[in-house]
Amino acid sequence: MAQGYSIFVGLFVIVAMCAAAWFLAPKGENRVLWRSSLILAIVSCYLMWAITFLAQLHPLIRPKRHDLREEFLEH
């Protein structure tokens, strides 16, 4: 099962990828475009993953089972 520190491990990986994108962007007149596009794409993917991960880690609504018999239901 995933732990809560997975967010921070993912953040560390994303920071490393953004630093690599910053320093390894090809030189030329489009260097700023390359940097901003790569970093924006990396951060967007991380945010989508983090939101999905946290939603599954701590759900707001508890699932309800409808296939239980009456004597096993909580009152």
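Trp 49 counts as partly exposed, at 36% relative accessibility. Here buried means under 20% relative accessible area, exposed means over 50%, and partly exposed lies in between (1.4 Å probe, protein chains only). This is a predicted model in which local features need pLDDT of at least 70 and side-chain atom pairs count only at pLDDT 80 or more, while totals for chains, interfaces and linings use all residues. Residues are numbered from 1 along each chain as its sequence is written, and side-chain values use heavy atoms, with hydrogens and water left out.

Two aromatic pairs are found in a search of the whole structure. In the tilted pair, Tyr 46 and Trp 49 are 5.9 Å apart centre to centre, with 40° between the planes. Rings of Phe, Tyr and Trp (its six-membered ring) pair if their centres lie within 6.5 Å; planes under 30 degrees apart count as stacked, over 60 as edge-to-face and the rest as tilted. Tyr 46 and Trp 49 are three residues apart in helix 2, about one turn of the helix. Tyr 46 is buried, at 12% relative accessibility.

Trp 49 also forms a stacked pair with Phe 53, at 5.2 Å centre to centre and 20° between the planes. These two residues, Trp 49 and Phe 53, lie four residues apart in helix 2, again about one turn. Phe 53 has 13% relative accessibility and counts as buried. Together, Tyr 46, Trp 49 and Phe 53 form one aromatic cluster.

## A buried arginine

Arg 35 is in helix 2, residues 31-57. Helices (H or I, at least four residues) are DSSP runs, numbered from the N terminus. Arg 35 is buried but has no salt bridge, and the nearest side chain of opposite charge, Glu 29, is 15 Å away. A salt bridge needs a side-chain nitrogen of Lys or Arg within 4 Å of a carboxyl oxygen of Asp or Glu. Lys and Arg count as positive, Asp and Glu as negative; His and the chain ends are not counted.

Apart from neighbours within four places in sequence, Arg 35 is in contact (heavy atoms within 4.5 Å) with Ala 21, Trp 22 and Ala 25.

## A nonpolar surface patch

A nonpolar surface patch of about 840 Å² includes Tyr 5, Phe 8, Val 9 and Met 17 among its residues. Patch residues have over 30% relative accessible area and no salt bridge; nonpolar side chains (Val, Leu, Ile, Met, Phe, Trp, Tyr) are joined within 5 Å, and like charges within 9 Å. Areas come from the Shrake-Rupley method with a 1.4 Å probe; for residues, only the protein chains shown count as cover.

Val 9 lies in helix 1, residues 6-23. Val 9 is partly exposed, with a relative accessible area of 47%.
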